[in-house]
Amino acid sequence: MLLAHPSTPIQSLPGWADPPTAPPSACSLAEAAGAAHPASPVTRLCLKWAPSFQALEEDRAPQPPQRGPCLAGMAGEGVEWTVVVLTCQHKDSVFAFHRELEIRRDRGALGRQPVLLTVEDPKANVGSGGATLNALLVAAEHLSARTGCTVVTSDVLQRAWILILHMGRDFLFDDCGRAFTCLPLEDPAAPAEALTCNLDSLLSTLTRQVCRGSPPGVWVCSTDMLLSVPETAEMDWHGFRGARVLAVPASISYARQHGVYLADAQGVVQDILYQSPEAQIQPCVGPDGKVPLVCGVVFFSSEAAEQLLATHVTPPLDACTYLGLDSGALPIQLSLFFDILLSMARGVTEEAFVTGRSPGAASGDGQSVAAAAASRSARSVLWKALHAVPLTMAYIPDGCYDYLTLSARDHIRHLTPPSGGTAGSSSFRQVAHSCVAEPQLLEEGCSVTNSLLEGAVEVGPGSVIQHCCLEGPLQIRSGCFITGLDAASSVALRSRPLQDVVLQGHAVRLRDIPSRVFTLSGCHDNWQSPAEDSGTYLNVPWAAFFLRTGIRSHDLWGPDAPAESRCLLTARLFPVLHASEPLAVEDVLWLLGSPGAGRLPRWRASWRMSWEELSGCLDQGAELSSRKALFFLQAQRKVRRVLGGHSSCSLLPLIRSAVMEGYQGALLDTLDQVASTARDPGVAARALACIADTLGCMARGEGGLRSGPAANRAWAPAFQLLERGKLPEGVAELAKERQKWLSRPVLLVRAARHYEGAEQILVRQAVMSSCQFVALRPAELPPLGHWVVVECPARIDLSGGWSDTPPITYEHGGAVVDLAVLVDGRRPIGAQARRIAEPELRLVSTSGGLEGELVVELQCRELEDLRDYCQPHAPGALLKAACVCTQVVDLPSQRSLREQLAERWGGGLELHTWSRLPHGSGLGTSSILAGAVMAALYRVSGRSCSTGSLIHAVLHLEQVLTTGGGWQDQVGGLVPGLKVGRSEAQLPLKVEVEQIRLPESFRHTLDQHLLLVYTGKTRLARNLLQDVLRNWYARLPSIVENASALVSNAEVCARALQQGDLPLVGECMDRYWRQKKKMAPGCEPRAVRRMMEALQPHVYGQSLAGAGGGGFLCVLTKEPRRQEAVRRVLAGMEGLGDFSIHTVQVDTAGFQMQLQGEEALQG
């Protein structure tokens, strides 16, 4: 709000509002001194923003050329503030409020690294103008010091974006002022979860909307109102100079109490009307029937700010700043609107301005006469300094403004879901940052913010509960505002159902002793109405209250108090100290009824204060701390609720907030409890992942990459307990070891890696549930020396990949469309095994085709030779793991390797594997090879299994190998042709495969249109996998949404294949690639992106195979047999390196197994 009613006592007004004394018969400040307005009605532009001022009459002083905005100073989503200044009334609160600014900077709400300043008003009642001038001086001082200057230089304003926020005076309904009034909002997309205060809402509106695109300069904003503007609003800054005010539409009846801008057709402000008759305001009315309401947002260009700053050295304006007061000057009151801005108004004459009364000025005693003289002198200085500065108005037709008044009914309306168009209320939530045990007891139209309601707590319509911890059964009826109560208050509340009352708990300091006191009032009470006139208390006349309670007027007001000052604001109603008993909410609740035994004498014997007196004792720092403690208490409940309920809600914003504000210890304890008591391994695994995220946040971006090894021996005891299924003991051991790794960022990151390692143990145990779907049948043991040969196609994933990856696949559900293919006419993957007489394992692995062949040969004669089977980078790890998982050998075992082999198989085994595909091809090589190896080992050891069993057996093997892959690769390479694999969101993990029936000849069409392009880039899928799983466990909204989109796209792709719709298949491939990139950012190397851009005109769709990052690019060409055309396109590009084109044919047989003689060595 700009203005307050003239009859409002100064001490109850917000610091921003400077009530002018209206001239006796005037309609505007200009007319009061004889200034004439244009006779004809004024036209107002209201399509977008009012145009910037382009030209002034010739008698205006010339302005220097406008400097353009420095692009480096503008953020992609809003202004990058150079300095943010918060002005406040109490010096005791400066530190607490400055900490609040720092927290918002850390959250990213203020840009990268602005200078943060919290400035106490230099003296009480310096007014909004004096506070602005003082804040501007302090900001210029700090910027000057940063440039090495020893005196203040206005040059620092030329390339600075400065934001000055005025907190104003104390507020009846929030101990921390209007700026920190909490709104019932939650922002799931916010990087850090936190309460949303009015300050946060204003910062977002200013930074991302109102101020965006502005040139360097100074923005000034009050925090005593709710303000919203449409996202589509645009402000034209071309050719701008001078100062600009913001206006929003309002009815005449509302606006005349707050201020109306009178502007001409070019948006030049002529005057500011306050409490003028409707006839005088009528020229301001636009086509929408509204007038431009004054709201507390002003912009000064760098040049205008320089001119304003220059006045701080000129008496008597120097008395508005701390420098003047420190030099002994007497303070004066200065209004931003009716002194500083009015001096720029085009329709005001010098005589009218200088002789006009300043806000708050009065006549009478000598001191007032001196103050009036000082005001005239100050206005004379302002006129000379600023009258030549152009002042224009920016009008926002769809903007909305609500002043936070001293009316409890208005305040409740501001904080409840929309019923009357409150600014920003459309996004209000009934329950925000709260834990409500029985939400069905909350009636429509109420709101609960930052509270814990346990048990049966009924809340009626139009009631607001904030910052409370209450235990039912309780009944809070309609029209109540309850804040700051703890659980101990619940007992007293049960005996007195509340309706239409305001009940508040306050943190105070009484002579440096911290305490908590309570106040009670009615929501219909007018705090400033005299008791002997129309004043009420608890919604009844004072006389009725006195009669009911036995309290008398002299109990509340001194005998010398004038009748007009005897009001609720000054009534000493509220006990703050008893001689020998602690305070309780019952000390004020009894005022609602008749006094019980001893209640009135006890009340009279207490030390009591009025709200006016109590406001000076408020401990705003303690109040903010109390709110945060409650926020993180309910946050701990939220953590338990989200994890235990398998919710897709992300906890990462809450984790960030806890670390920023020092509550990481309580959060870690809560996560330990959830993990150790979870019956579901998925819940425990996610809790451990959240601990890893907490430790990573505690490192604050230092300490190295999150991905890395997790096998430090110090963590081995905890890992061993988890491996043995002793979850509570394992979590406790993890927490014990964690305490040793908290001292430095590098240790925190390493600890986070080990928690992710612990999480993977639980994931492995969950995936192991799929082993129940592995069924083996006895088969004839092949003759000694005869080879079992298995050959497999590669696979191309057409859609749905990543949804098959544990834990996504069993927590969300997965669907993948795969294609088994021959590459250049061959099955590129295979294995063969035979029994040999010597009781040993001979393992030979041959890999690579395009980049050269690599052969690894191993002979295992002791169990020790197999112990690295679970280390995926160890030589022959996959083959060793396959031997263990197929139970060819037992490990660990009391029997030696030779004894086991001789006893079970009558000798040893020789196993060869091959892949003609390069490492990291993306064609599912390792999983398909694992399937081939296991099939060969089962058969050579006299067992056989179905393809479905083999798919689940490979899942088991990859968990043992700790590569942690999904099921789509083995489905793609072991099952012939085109198919869609699916898994439900449940354990045990079971994969179902459905063959896709193709139209006649469509398989041949695919053969002609599908090509593989080897990019020459290799990738490590495990690195990508770690990032994806980390983001999934964090439940980032984009990842959760993308997981659903992957499954949906797979089903669309399956239908497109059934219909033989080649272009639609291509669309699905393109969409799939976009989904992959969202799932695993960084999976598209620059060279690959260039390839895809070059091929785009020639293909229906394209996608890197597998996880991306390199390997093969699969393209679906628009024309058949386009191998040479693709080669020519890519050959004409520079810097692609070695690439190659490969043909693809749909494989209709799947993996093939043959029993051959002793000479049938393949590969």
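## A tour of selected sites

Start by selecting Val1144, which lies in strand β45 (residues 1140-1146). This is a predicted model. Val1144 has a relative accessible area of 1%, so it counts as buried, the limit being under 20%.

Now show what surrounds Val1144. Beyond the neighbours within four places in sequence, the contacts of Val1144 are Ile796, Val821, Leu822, Asp1007, Leu1010, Leu1011 and Leu1012. Gly825 and Val1144 are 319 residues apart along the chain, yet their C-alpha atoms are separated by 7.2 Å.

Next, go to Asp170. Asp170 sits in the loop that runs between β5 (161-166) and β6 (182-183). Which side chain of opposite charge is nearest to Asp170? It is Arg169, 7.9 Å away. Asp170 is buried and has no salt bridge. Draw the polar contact instead: the side chain of Asp170 meets the side chain of His90 at 3.0 Å. His90 is also one of the residues in contact with Asp170 once neighbours within four places in sequence are set aside.

Turn to the aromatic rings. The structure holds 21 aromatic pairs. Select Trp219 and Phe299. Their ring centres are 4.8 Å apart and their planes meet at 40 degrees, so this pair is tilted. The pair joins distant parts of the chain: Trp219 belongs to strand β8 (residues 217-222) and Phe299 to strand β13 (residues 291-301), 80 residues apart. Trp219 and Phe299 are both buried.

Move on to Phe631 and Phe632. This aromatic pair is edge-to-face, with 4.9 Å centre to centre and 85 degrees between the planes. Both Phe631 and Phe632 are buried.

Tyr537, Trp542, Phe545, Phe546 and Trp557 form one aromatic cluster. Display all five side chains together to see how the cluster is made up.

Finish with two charges placed over rings. Which ring lies under the charged end of Arg379? It is the ring of Phe353, with the charged end 4.6 Å from the ring centre. For the second case, select Arg608 and Trp603. The charged end of Arg608 sits over the ring of Trp603, 3.9 Å from its centre.

Note on methods:
Residues are numbered from 1 along each chain as its sequence is written. This is a predicted model: local features need pLDDT of at least 70, side-chain atom pairs count only at pLDDT 80 or more; totals for chains, interfaces and linings use all residues. Side-chain values use heavy atoms; hydrogens and water are left out. Helices (H or I, at least four residues) and strands (E, at least two) are DSSP runs, numbered from the N terminus. Buried means under 20% relative accessible area, exposed over 50%, partly exposed in between (1.4 Å probe, protein chains only). Lys and Arg count as positive and Asp and Glu as negative; His and the chain ends are not counted. A salt bridge is a side-chain nitrogen of Lys or Arg within 4 Å of a carboxyl oxygen of Asp or Glu. A polar contact is a pair of N or O atoms within 3.5 Å; within protein, one must be able to donate a hydrogen and the other to accept it, and residues adjacent in sequence count only if both atoms are side-chain atoms. Contact means heavy atoms within 4.5 Å. Rings of Phe, Tyr and Trp (its six-membered ring) pair if their centres lie within 6.5 Å; planes under 30 degrees apart count as stacked, over 60 as edge-to-face and the rest as tilted. A charge sits over a ring if NZ of Lys or CZ of Arg is within 6 Å of the ring centre and within 35 degrees of the ring normal.
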